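Hi there,

Here is the structure I promised to pass on to you.

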Amino acid sequence: MGEPFFVKIKAFLLINIGLLFVALGIFFFKIPNNFATGGVSGIAMIMSYFFSTISVGPFMLIINIVLLIAGFIFIGFNFGSKTAYSSFVLSGMVWLLEKVCPPISQPLTGDTFLELIFAIVLPAIGSAIVFNQNASTGGTDIIAKILNKYMHVNIGKTLLIADFLITLIAGAVFGIRIGMYSMLGLFMKGFIVDLAIEGMNISKEIVIISEKPEQIKHYIVKELHRGATIYSARGAFTDEEKEVITTIVNRRQAVALRSYIRSIDDKAFMSITNTSEIIGKGFRTLSA
């Protein structure tokens with residue numbers, strides 16, 4: 001059974017919002033500062049330096065077309081329609097910004113480090129949103145997947161090596177100072193993407209021991225519309241057997257459940273922990 005229509009629309013909107021964040025970071029902060037922190041945008045910035053009549057947006061489009069053709073040839077047509085769409089739309093967004101916005105030949109501020117932060121954080125958040133919808137922005141990801149399929153090279157290592165080489169070339173082209181900033185940005189990028197993805201998927205696992213388990217179970221199922229696991233446990237001090245309720249909810253539901261339990265049993269025991277990889281009904285599916 002396919003995904004419901006509203007789920008597909010939500011995923012489509014989120015992918016485009018994520019791509020817009022990436023495009024804004026590239027156009028307003030990466031390009032003016034020559035922060036080539038890997039990826040297709042980094043290659044395009046280097047090529048645009050040597051062929052100044054062609055801007056970064058068109059170069060990104062050309063590179064993505066070549067890489068997507070290679071992906072379909074070597075990986076197959078199941079490579080991913082979302083990734084193909086994201087590659088073209090991101091290139092188009094950067095190109096459109098170059099057309100509709102006044103040319104930005106100089107950085108927006110005189111603070112290079114501040115601009116580096118925005119050049120990394122905006123695309124990282126955007127990429128995290130796109131990755132969370134089981135897509136990617138394409139680019140060097142495609143090269144990594146091809147090498148992984150035929151040479152069994154680890155995708156993460158391949159991406160890091162490819163981006164590292166692009167950053168080294170940027171340092172040779174734009175100067176050691178920009179190269180060092182780009183290298184710093186490259187290391188920051190992976191960390192922030194992982195942090196953003198984890199933050200988007202964060203849930204709360206709550207373990208509850210109470211004298212009023214039936215009321216709590218009813219509230220979780222009927223009011224929060226979540227499931228729960230019930231098991232019996234015996235206390236080490238009292239040797240009494242009690243029901244232990246375990247449930248996983250989002251942040252808002254966790255606050256509501258905690259308040260409800262306090263209102264009916266202020267002596268209840270609760271253990272609340274963060275978790276970001278929840279797979280199953282009501283959360284992420286195995287295919288996501």
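**Helix 1 against helix 4**

The axes of helix 1 and helix 4 come within 9 Å of each other and cross at roughly 45°. Because of that angle, helix 1 counts as oblique to helix 4. The crossing in which helix 1 passes helix 4 is right-handed. Please keep in mind that this is a predicted model.

**The cores**

Some of these names come up again in the largest nonpolar core, which has 44 residues. Leu19, Met60, Leu90 and Val94 are the ones that touch the most other members there. Helix 1 (5–33), helix 2 (39–50), helix 3 (56–74), helix 4 (81–100), helix 5 (112–132), helix 6 (140–151), helix 7 (155–174) and helix 8 (176–200) each give two or more residues to this core. Helix 1 gives the most, with eight residues.

Leaving aside its neighbours within four places in sequence, Leu90 is in contact with Leu19, Val22, Ala23, Met60 and Thr137.

Another core, of 13 residues, lies apart from the largest one, and Ile208, Ile216, Tyr219 and Leu224 are among its members.

Technical notes
Residues are numbered from 1 along each chain as its sequence is written. This is a predicted model: local features need pLDDT of at least 70, side-chain atom pairs count only at pLDDT 80 or more; totals for chains, interfaces and linings use all residues. Side-chain values use heavy atoms; hydrogens and water are left out. A nonpolar core is a set of buried Ala, Val, Leu, Ile, Met, Phe, Trp, Tyr and Cys residues joined through side-chain atoms within 4.5 Å. Buried means under 20% relative accessible area, exposed over 50%, partly exposed in between (1.4 Å probe, protein chains only). Helices (H or I, at least four residues) and strands (E, at least two) are DSSP runs, numbered from the N terminus. Contact means heavy atoms within 4.5 Å. Axes are lines fitted to C-alpha atoms, for helices over the stretch in contact, and angles run from 0 to 180 degrees between N-to-C directions. Angles under 35 degrees count as roughly parallel, over 145 as roughly antiparallel, 65 to 115 as roughly perpendicular and the rest as oblique. A crossing is left-handed if the near helix is turned anticlockwise from the far one by less than a right angle, and right-handed if clockwise.
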